[in-house]
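Thanks, everyone, for making the time this morning. I would like to walk through one structure with you, beginning with a single residue and then stepping back, so please have a look at the screen.

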Amino acid sequence: MVTSIKNICFGFAPALQKISRFNDFNHGEVNRSIETHWGFGGKGANTAHMLNQLGGSSLLIGFCGGVNGARYLNLLDEAGVDHQHISVQGETRICHTLIDDKEFSVTELVEEMEPLISVEAVTMENFIRSLDLSGVISISGKLPEGLSDSFYQEMIKVIKQQGGQVILDTQGEPLIRSLDQQPFVKLNRQELCTSMNESSVSLAAESLLDSGAKGLLVTDGNQTSHLFANKKHWEIYPPFVDAINPVGSGDAVTAGMVLGLERKKDLLEAVRLGMASGAANALQLMCGMIDLDDVERLQHEVQIKEV
C-alpha cells in the first residue's frame, strides 16, 4: 500500500493558470496588461494547496503531460504540494483569467484537457486501487475525455469499501452516475440546476438527494448558499468581501470542509470553515491562495439558519 495520507485530493484536469490584470479591458481591441502572474490551477490542485494552507495535509493525484505539465509539477513542488501524477501524452492545458479593474469583472478563458488514451486510464485505475483511501477524500473537476462516465462512481465505490468519506465536486453525467454511491456533493447553483435539468435550487436539490446523495452544499458566489443533509435544509449567508479574484473560491470551500470533517467537526462547522475559506480566497489575486487571518476573521461572519 502507498504511504497513508488522509486527505487525498483527486484533480484529473489540471492546468497552468495565467492571471492578467488590466486597467480597462475592451473586447475586440488591443489590451495591455498592467501585471501578469503564472501559477497552477484546476480544482484538485487548488483544493490540495489550500488544504495545506489551512493546516491540513494533502496528496494531489492527477494527470499531466508535456512542457506545460513539467512546469505545472515544478510549481506544485515550489508551493510544497505533495503530488503523484500519471504521465500522459497530451499537453497540460492553460487557463487564462482576465481581471478588469475598471469594470470590476473577471473573465475566464478555459482550455479543455486533451483526451486520455486507454493505457493512461487503466494506469490511473490501478494506481487508485493501491492507495489508502480511508480518510476524507475530495474528487474535484470535470472528468477528462477518455475516462468512462462511470469512473467517479467506481472510484467512490472503492473509497467506501475502505471506509473513506467523499466530497464530490463535478457535474453532468459523471455526477448523476455517482449518486447511488451516496457521496456528499458540493456544486454551485448553475452546475446543480444544469446537471439535474431543473430551474430552481429546491427542485434540483430534491432530485439529487432522491437519487442517493448523502448531502449537498450549493454555493452561489456572494449570494445565499444552501445546505441539505439529514432531511434538513439550512441557508448559509457568506461574509461580504470586496473580491479581487473569486476564481478558486469553490475549491477553498471544499478544502475547508475536508479539513473540518477530518478534524471531527460537525457538518455545520465544517461548512462554516469552508465558506470562510472561500471568501478568503476571493481576497487574493492568485487563485488557490488564502490568508489564515482572513479565514479566522471571516468564520465569525458566516451566518447559518435552518429553514
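Predicted model: local features only at pLDDT ≥ 70, side-chain atom pairs only at ≥ 80, totals over all residues.

Which residues does Asp 291 touch, if we do not count residues up to four places away in sequence? With contact meaning heavy atoms within 4.5 Å, Asp 291 touches Ala 280 and Gln 284. Residues are numbered from 1 along each chain as its sequence is written, and side-chain values use heavy atoms, with hydrogens and water left out.

Staying with Asp 291, you will find it in the loop between α9 (267-282) and α10 (292-299), where helices (H or I, at least four residues) and strands (E, at least two) are DSSP runs numbered from the N terminus. Asp 291 has a relative accessible area of 32% and is therefore partly exposed, given that buried means under 20%, exposed over 50%, and partly exposed in between, with a 1.4 Å probe and protein chains only. Its C-alpha lies 8.6 Å from that of Leu 54, although 237 residues separate Asp 291 and Leu 54 in sequence.

Now to the whole protein, which has 10 helices and 14 strands. Its radius of gyration, taken over C-alpha atoms, is 18 Å, close to the 19 Å that the globule rule gives for 307 residues, so the protein is as compact as a globular protein of that length; that rule is 2.2 Å times the number of residues to the power 0.38. The C-alpha trace spans about 55 × 50 × 35 Å along its principal axes, and buried residues make up 54% of the 307 residues. Among contacts with a separation of 6 or more, 66% are between residues 24 or more positions apart.

Let me turn to helix α7, residues 201-210, whose buried residues are Val 201, Ala 204, Ala 205 and Leu 208. They cover an arc of only 100° around the axis, which puts them on the same side of α7, the arc being that of the directions from the helix axis to the C-beta atoms. As a reminder, an α-helix has 3.6 residues a turn, so residues three or four places apart point the same way. What covers the buried residues of α7 includes α5 (173-178), α6 (189-196) and the strands β10 (184-188), β11 (215-219) and β12 (225-229). Just after α7, Gly 212 takes a positive phi of about 125°.

Finally, which residues deserve a look in the loop between β12 and β13 (232-237)? One of them is Asn 230, and Lys 231 lies in the loop between β12 and β13 as well. Most residues other than glycine have a negative phi. Asn 230, however, has a positive phi of about 55° although it is not a glycine, and phi of Lys 231 is near 65°, again a positive value in a residue other than glycine. Asn 230 counts as exposed at 64% relative accessibility, and Lys 231 counts as exposed at 91%. The C-alpha atoms of Asn 230 and Val 241 are separated by 31 Å, with the two residues 11 apart along the chain.
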